[in-house]
Amino acid sequence: MDSFISNRILTTVLRLYNWLHLVIVVSCISYRRNMSQMTDSHRLFLQAFMSRGILDAKEVKSLFRTCCEKFKTHIAGNEEEKRHQLTEFVIAINSNIKPFHMEIKKGVSEEDGSNYYGLVNISESSITLLASDFSTNELDFFKKLVESIVDSDTGFVGSTDAINLVETLDKKMTRNDAQELLKKLESNKWIKVMNGQVSLATRAILELEQYIFDMFPAIATRCNMCKKLCLKGQSCDSCPVRLHFHCANKFFSGQEVPKCPASDCKSPWPRASPRKDTDQPNSSQTGANSAGTQTQTRKRKARS
Ligand SMILES: [Zn+2]
Ligand SMILES: [Zn+2]
């Protein structure tokens, strides 16, 4: 009971801290208005990111237009100039929020290569920021889930395997609680659940990319093309090279006989066509990554 109460108190304090942190950021930026490039339209844009966390490219363009129109900021007529103006707009915001260890960061969906923008914390391991919304035990569950997903060859873990992670926790968690937690993580855009498969959502990849490389250096891989974290993608049969589906699609377009991009490999690429969004792995594939048994996957073996 005591630990329950202290957990609740800690959660409330952290929530209050995060809220105060955001208020301080906005207030300081308002105070510094004459010293920087920030205008009211920049501040409105930033506030939308603070409340929504992550937006896709279309939403960002529409938000940019709304913010400029509201404060009568001129918007360029031609698309190229408009894109440049938006980039400058985000750079101006980032230069102002950097002292507060925050950044509007661009991310790419691993499913279809579409662009997303998220407001992320760049000062500390972002996973600890979840502490304001999740209990210590829930956070431990999420960390184990992230590890399972990173350790899989597919970027997916079956939802039953995900729920079985409760067996690996130090403190007790029921399967029902785990199921509820998965729903909460999904509604907060940390994970994606589709056809019984759990994967990390773009928001989690944006926020946790550095955490994943720091925590799992032996199993986290970068895409050979864009150099970003690659969870869902294609692998070379002969070397450790991996490519996102959309990066492979770009790289192999126009090549009659697709070959591994590594200069010392050049093996025939096993599958050059991009995977469709609906092409989910079946449960037998992800079953190899059973959470309860922590089976070594091909990925971990390949690097050991
Ligand atoms: Zn890539
Ligand atoms: Zn290769």
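Thr-174 counts as exposed, because it has 10 C-beta neighbours inside 10 Å. A residue is called buried if 20 or more other C-beta atoms lie within 10 Å of its own, exposed if 12 or fewer, and partly exposed in between, with C-beta atoms placed from the backbone. Thr-174 lies in the loop between helix 6 (159-163) and helix 7 (175-187). Along the sequence, Thr-174 is 10 residues from Asn-164, and their C-alpha atoms are 9.6 Å apart in space.

The model is predicted: local features need pLDDT of at least 70, side-chain atom pairs count only at pLDDT 80 or more, and totals for chains, interfaces and linings use all residues. Residues are numbered from 1 along each chain as its sequence is written, while chains are lettered from A and ligands numbered from 1 in the order in which they are written.

The protein chain has 11 helices and 8 strands. Helices (H or I, at least four residues) and strands (E, at least two) are DSSP runs, numbered from the N terminus. Of the 304 residues in the protein chain, 30% count as buried. Two residues are in contact if their C-beta atoms, placed from the backbone, lie within 7 Å. Among contacts in the protein chain with a separation of 6 or more, 57% are between residues 24 or more positions apart.

Next come the helix pairs. Two packed helices are described by the angle between their axes and the distance between the axes. Here axes are lines fitted to C-alpha atoms, for helices over the stretch in contact, and angles run from 0 to 180 degrees between N-to-C directions. Helix 2 (residues 40-52) packs against helix 4 (residues 79-97) at about 80°, with the axes 10 Å apart. That makes helix 2 roughly perpendicular to helix 4, a label for angles of 65 to 115 degrees; those under 35 count as roughly parallel, those over 145 as roughly antiparallel and the rest as oblique. At this contact, His-42, Phe-45 and Leu-46 of helix 2 meet Phe-89, Ala-92 and Ile-93 of helix 4.

Helix 2 also packs with helix 3: their axes come within 8 Å and cross at roughly 145°. Ser-41, Leu-44, Phe-45 and Ala-48 in helix 2 meet Leu-63, Phe-64, Cys-67, Cys-68 and Lys-70 in helix 3.

In it, 3 strands form an open sheet in the order 1-3-2, with antiparallel pairing; two strands pair if DSSP finds at least two bridges between them. Strand 1 (54-56) and strand 2 (102-108) stand at the edges, each with a single partner strand, so one side of each has no neighbour in the sheet. On average, neighbouring strands of this sheet are turned by 20° against each other, direction ignored. Strand 2 is joined by 7 bridges to strand 3 (residues 115-121), and the two run antiparallel. Val-108 stands opposite Asn-115 in strand 3. Helix 3 (residues 57-70) packs on the sheet, where it touches strand 1 and strand 3, and its direction makes about 95° with that of strand 1.

Helix 8 (residues 202-215) lies across strand 1, strand 2 and strand 3, running at about 45° to strand 3. Leaving aside neighbours within four places in sequence, Leu-206 is in contact with Ile-54, Lys-105, Gly-107, Gly-118 and Val-120.
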